[in-house]
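Hello,

Here is the structure I said I would pass on. My notes on it follow below.

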Amino acid sequence: MKKYIVCIGSGIYQIGLLKKIKKLNYCSISVDQEKYAPGFKFSDRKIVLSTNKIKEVIQELKKNKLNKKIIAVMTQSGTFSAITVSSIATNLQLRTLNLKVANFLVKKEKLCNKFNHGIKRKKYKFSEINKINIPYPYVCKFSSLSGGQGMKKIKSKKDLIKIKNFSFKDKYFYVEQFITGDYLSVLGVKNGNKIKLYSILKKKINDNFSNNEIVFKPDHYHKYKNEVFDYCKKILKKTNFNFGSFQIELIVSSNGSIFISEIEPSLVGSYISDIMIPRITNSAFIEDAIKLYTGKKINYKNKINKRYALLKYFYNKKKLKVISRLVKKYANSNNIRIIIKKNFEIINKRGLAKYVIYLDSQSKTKFELIKKKLSQ
């Protein structure tokens, strides 16, 4: 009998999971509201429905008599996809994150209120947009969107235009003082008391909180390892996070204080999970997650490779010639690996990066040289 894994979301960043499912000889069922979602071509079956329509998705699965063949429900998407995953998996009596915890984690303001002490933050209605009294710069946060999509940096009154028509899904939004420091992303999986933490990635973001680049350096990893990992374990315990893959977004301020931005109870999107993590560690992150969700054993030990890595996003074509020259120059080097992925915007135009470049090297000198050229 064929065994199916349900994938909530089928966008460009979910393709890594779909490919790995097929490679491990499972079948996939993708759910996405976009008729031409790019992940559908890697799926064995597709359900064209909004991932927020949980009851309808469950009905569709049962209507096609697939529910008894499903062994796991997973996602590489953020925000409310976590609730959909937990709801469907609970209905089908499969391993999943506790639904109460999933509901709590998508409400970023509650998570930040619980753990981020000493930061000025306030709740506003959209009609109060001109009454904000937190000093510039500050950050506006919207609960209905995940990651950078749900955040805007405001440096002056002129920037308020960014949010006046930003989201009508939220009756309220939250304003928080901007924290200067290192933006970190910690990836891992958890099953009861067992935790595997894969890596600490440093992120460089723009004023729209979109990723400009994600960097891994062994020396940076070891600088933060003990303190950051201990903090993440404490957060997971206090939020009662019991099962599944996760991505914890943190800010380490200039004075060493740690603040949490969010916990995404999902696999981090493709490029990071299916290219970067396997290269800088000896672990296949997606494969480990699939084993976890399907009830197989994983190795909870992790080893970091001495490799410098960069994932850089370009939102226009201006840098493409520079990238092409670099690839021609360094692609044949034994110490340099460069991958270029051409991305695209799907129908609803979410502003995805046009090109993504990944590079890594065992040589810190060569890595810093190419990184510098990409930033010129």
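Helix 1 and helix 9 meet through Gly16, Leu17, Lys20 and Ile21 on the helix 1 side and Ile286, Glu287 and Ile290 on the helix 9 side. Sorted by class, that contact has 4 nonpolar, 1 polar and 2 charged residues. Please keep in mind that this is a predicted model.

Two packed helices are described by the angle between their axes and the distance between the axes. For helix 1 (residues 15-23) and helix 9 (residues 285-293), the axes come within 10 Å and cross at roughly 65 degrees. The crossing is right-handed.

Next, the strands. Strand 6 (residues 138-141) and strand 7 run antiparallel and are joined by 4 bridges. Cys140 has Lys152 in strand 7 as its bridge partner. Within strand 7 (residues 151-154), Met151 and Lys153 point one way, while Lys152 and Ile154 point the other way. Residues on both sides are buried, the two lysines, Lys152 and Lys153, among them.

The last item is Leu97, which sits in the loop between helix 3 (81-91) and helix 4 (99-105). Is Leu97 buried or exposed? Its relative accessible area is 6%, which is under the 20% cut-off, so Leu97 counts as buried. Leaving aside residues up to four places away in sequence, Leu97 touches Ser86, Ala102, Leu105, Phe241, Asn242, Phe243 and Pro265. Of these contacts, Pro265 is 168 residues from Leu97 along the chain, and the C-alpha atoms of the two are separated by 8.0 Å.

Regards

How values were computed. Residues are numbered from 1 along each chain as its sequence is written. This is a predicted model: local features need pLDDT of at least 70, side-chain atom pairs count only at pLDDT 80 or more; totals for chains, interfaces and linings use all residues. Side-chain values use heavy atoms; hydrogens and water are left out. Buried means under 20% relative accessible area, exposed over 50%, partly exposed in between (1.4 Å probe, protein chains only). Contact means heavy atoms within 4.5 Å. Two strands pair if DSSP finds at least two bridges between them. Axes are lines fitted to C-alpha atoms, for helices over the stretch in contact, and angles run from 0 to 180 degrees between N-to-C directions. A crossing is left-handed if the near helix is turned anticlockwise from the far one by less than a right angle, and right-handed if clockwise. Ala, Val, Leu, Ile, Met, Phe, Trp, Tyr, Cys and Pro count as nonpolar, Asp, Glu, Lys and Arg as charged, and the others, Gly among them, as polar.
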